[in-house]
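Trainee: I would like to learn how to read a few features of a model. Could we take them one at a time?

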Amino acid sequence: MVDIDDAGKAEVARPSESRRDPEWLRDRLSEWIKHHEGEDAAVTEVTIPESNGMSSETILAKARWGGVERDIVVRVAPQADSDPVFPSYNLDGQFRLIEYVRANCDIPLPTLWWSEPSDAALGAPFFVMDRVNGEVPPDVMPYNFGSWVSEATPEQRNQMMRDSVRVLAQIHAAPAPADLVSHPEPGETALAAHLRRLREFYDWAAEGRAGSPLIERAFAWAEENLPATEDAVLTWGDARIGNIMYRDFTPVAVLDWEMATVGPRELDIAWMIFLHRFFQDLAAMAGMDGLPDFLRRDDVATEYLQQTGYRPTDLDFYTTYAALIHAVIMFRIQCRAIHFGQAQEPADPDEMILHRPTLEAMLNGTYWGQVK
Ligand SMILES: Nc1ncnc2c1ncn2[C@@H]1O[C@H](COP(=O)(O)OP(=O)(O)O)[C@@H](O)[C@H]1O
Ligand SMILES: [Mg+2]
């Protein structure tokens, strides 16, 4: 990829491997910040966190501008040669959506500084925000296998549950943005549009390879059982505790807005419930109890009702739909791992879905009866 920068000289944007090089990043970011904030601005240190998400990249840095030293986070879009999880990324759109959410609802968000939509500086668009102090429930190893969450008291976890549900309630109470997120086509409900886009994403991921019969079955089930609701509130999308930073068990930053859209509020409520069940089922496979009393389906639904007066409905549908969404993402992530030689192509494509038994039991209607 070749970009011509402001000075007119050809700049070869390095492939994603060099983006893992902190010194290269520090120099490029430093040049960029000087251009924006003047000669005495600088990026002095860059660290790349070990456990990085698989979609966009998150870079931690120390910077100085306006005579103030700051800890910042730079979120960078993945480069095409890294075979990204999603077909397209709109970092500038995420930046503007977070600004919109800040202006329209009372949830904690990191202070945003700049969005750079061009590839010139880092080879991909990025945005810059303040670094928040707090703790995130870990995915690897999962928080319910042993972490600050499992070491907390039941009361502290209960507070986490209530305050996390409050985050959802507040997002859902915001006016839905007219742009910034995808909207349904004329005559289509927001939920039907959500399912259609998931299908399009799966078709893209499965192109030219053996698809998953289980995913096909779940799509057919979702189409048949789709609630007729016209609800179209702002939804966060990746609404799980693993995308919240907490301090003293209360949210201090709500992160990761790339799956935000409009739709029924149950999309978020069920995603929060399902992701905990996903980790609980992993714990059971490992012969552990995990956290069976945390984020229980009825507790989350009752809490949402108490806070908002709205009773979540059709949770059997929405939790199964959450399991389907997760299956599609997992299928895509496994395809990517196979592409990079990090995983073997299984003879049965359904094996690519880690929570296969969960999704099967949900489709058969036997899942919730066996959850204590
Ligand atoms: N503003 C921030 N302040 C502090 N840490 C952050 C911030 N943004 C992201 N992080 C850290 O980076 C991790 C990944 O960020 P996230 O937005 O969830 O992206 P993804 O999951 O797509 O990689 C978070 O779990 C958190 O540890
Ligand atoms: Mg995340």
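Mentor: Start with the metal site. This is a predicted model. A metal site is read from its donor atoms; water is not among the atoms, so a site may look incomplete.

Trainee: Which protein donors does the magnesium ion (ligand 2) have?

Mentor: N243 gives OD1 and D256 gives OD. They lie 2.1 to 2.2 Å from the ion.

Trainee: Where in the fold do N243 and D256 lie?

Mentor: N243 is in the loop between β8 (233–235) and β9 (244–247). D256 is in the loop between β10 (250–254) and β11 (261–263). The pair therefore ties together parts 13 residues apart in sequence.

Trainee: Is N243 buried or exposed?

Mentor: Buried means under 20% relative accessible area. N243 has 5% relative accessibility, so it counts as buried.

Trainee: How do I read the length of helix α7?

Mentor: Compare its span with the one expected at 1.5 Å a residue. Helix α7 (residues 266–285) has 20 residues. From first C-alpha to last it reaches 28 Å, close to the expected 28 Å. Of those 20 residues, 18 are buried, so α7 is largely enclosed by the rest of the structure. Just after α7, G287 takes a positive phi of about 75°.

Trainee: How do helices α6 and α10 pack?

Mentor: Look at angle, distance and handedness. Helix α6 (residues 213–225) packs with helix α10 (residues 356–364) at about 30°, their axes 11 Å apart. The crossing is left-handed.

Trainee: Which residues make the contact?

Mentor: From α6, L214, R217, A218 and W221. From α10, R356, L359, E360, L363 and N364. By type, five are nonpolar, one is polar and three are charged.

Key. Residues numbered from 1 in each chain as written. Chains lettered and ligands numbered in written order. Predicted model: local features only at pLDDT ≥ 70, side-chain atom pairs only at ≥ 80, totals over all residues. Heavy atoms only, no water. Axes fitted to C-alpha atoms, helices over the stretch in contact; angles between N-to-C directions. Helix = DSSP H or I, 4+ residues; strand = E, 2+ residues; numbered from the N terminus. Left-handed = near helix turned anticlockwise from the far one by under 90°. Contact = heavy atoms within 4.5 Å. Nonpolar A, V, L, I, M, F, W, Y, C, P; charged D, E, K, R; others polar. Donors = N, O, S within 2.8 Å, 3.2 Å for Na, K, Ca; no water. Buried < 20%, exposed > 50% of the residue type's maximum accessible area, 1.4 Å probe, protein only. Expected span 1.5 Å × (residues − 1).
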